[in-house]
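This report describes the structure shown below. It covers the pockets and cavities, the disulfides and the nonpolar cores.

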Amino acid sequence: MDQTKQEGEYGYDLFPERQARKYKKGSIAESLFTFNHKCQVMLQFAMETSPYAKLLLSAMTSSGCKALRDRHFSCEDCDGTVSGGFDAASSQIVLCQNNIHQQSHMNRVVTHELIHAFDHCRAHVDWFNNLRHLACSEIRAANLSGDCSFSNEVARLNFGLKQHHQECVRGRALRSILAVRKISREEAEKIVNEVFDTCFNDHTPFGRIPHSKKDAKFAYRDYENRDRYYANL
């Protein structure tokens, strides 16, 4: 793939360390006082305690795509407009250490990007050439990650509209596509609308829309116990 095209058309300009392809390791003393160390600690906490992340990590392992913290996650400085991304070229989740400062935010970003990673594993998404594939994964990520939970929408002062959750998912998917592809808003809206119903109703691997942490805990419990019925036959 042409590097200039990759950076200009696929959103890599939002992740400058992806362009440089340099992964410099500082001294231990230096890392203890940087965004990177804080990012790594919050990532570990999310992987160990977030029911959203735990379910997705388990589902990826079951699908043959186990996600390893040191290999598949990278804390990096990013453009100020993004919190994370999924780099399909390296099968790596990028966490924007300069833009993620709270554990709840880290949990949502990890969950959102793990949904992309899960789709990459199970559905063989053509991220670079098929905008319908990209739109579908963005819809699923917005729908299942808690991005559009009632509490988050109230914090954004967005609430009270009919079918608000659907409209939130549609809007966030649209913004994500426009951030990483050089297409018109009209074209992006058309693509999102074409795949919306199918992708919005695909709740794999949650089995339901986890509107809250409590919902995610139930979904994780159900996923972990999914084979118990058949084992007892």
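## The largest pocket

In this predicted model, helix α7 (103–123) gives the most to the lining of the largest pocket, with 6 residues. The elements that give two or more residues to this lining are β2, α7, α8 and α10. The volume of the pocket is about 830 Å³.

In total, 33 residues line the largest pocket, and G84, G85, H112, E113 and S176 are the ones that lie nearest its centre. Sorted by class, the lining holds 14 nonpolar, 9 polar and 10 charged residues.

## The cavity

A search of the whole structure for cavities of 30 Å³ or more finds 1. The largest cavity has a volume of about 30 Å³. Its lining is made up of A142, N143, G146, D147, C148, S149, H165, P210 and H211. By class, 3 of the lining residues are nonpolar, 5 are polar and 1 is charged.

## Disulfides

The whole structure contains 5 disulfides. With bonded cysteines counted along the chain, they follow the pattern 1-3, 2-6, 4-5, 7-10, 8-9. Three of these links are described here, among them the pair C78 and C96. The sulfur atoms of C78 and C96 are 2.3 Å apart, and the link is left-handed, with -90° about the S-S bond. This pair connects distant parts of the chain, 18 residues apart: C78 is in the loop between β1 (73–76) and β2 (84–87), while C96 is in strand β3 (residues 92–96). Both C78 and C96 are buried.

Another disulfide joins C136 to C199, with an S to S distance of 2.0 Å. The link of C136 and C199 is left-handed, with -110° about the S-S bond. Because C136 lies in helix α8 (residues 131–144) and C199 in helix α11 (residues 185–200), the pair ties together parts that are 63 residues apart in sequence. C136 and C199 are both buried. C148 and C168 also form a disulfide, and their sulfur atoms are 2.0 Å apart. The torsion about the S-S bond of C148 and C168 is about -85°, so this disulfide is left-handed. The pair links distant parts of the chain, 20 residues apart, with C148 in the loop between α8 and α9 (150–155) and C168 in helix α10 (residues 164–180). C148 is buried because its relative accessible area is 4%, under the cut-off of 20%. C168, with a relative accessible area of 7%, is therefore buried as well. C148 is also one of the residues that line the largest cavity.

## Nonpolar cores

In soluble globular proteins, nonpolar side chains tend to be buried together. Here the largest nonpolar core has 55 residues. Those with the most contacts inside this core are F73, L95, M106, V110, L114 and I139. What is L114 in contact with, leaving aside its neighbours within four places in sequence? The residues are A53, L56, L57, M60, F73 and I93.

Definitions and conventions. Residues numbered from 1 in each chain as written. Predicted model: local features only at pLDDT ≥ 70, side-chain atom pairs only at ≥ 80, totals over all residues. Heavy atoms only, no water. Core = buried A, V, L, I, M, F, W, Y, C linked by side-chain atoms within 4.5 Å. Buried < 20%, exposed > 50% of the residue type's maximum accessible area, 1.4 Å probe, protein only. Contact = heavy atoms within 4.5 Å. Disulfide = S-S within 2.5 Å. Helix = DSSP H or I, 4+ residues; strand = E, 2+ residues; numbered from the N terminus. 1 Å grid on protein atoms, 1.4 Å probe; cavity = no way out; pocket = protein on both sides within 12 Å on 5 of 7 lines; lining within 4 Å. Points joined across faces, edges and corners; volume = space filled by probe spheres on them. Nonpolar A, V, L, I, M, F, W, Y, C, P; charged D, E, K, R; others polar.
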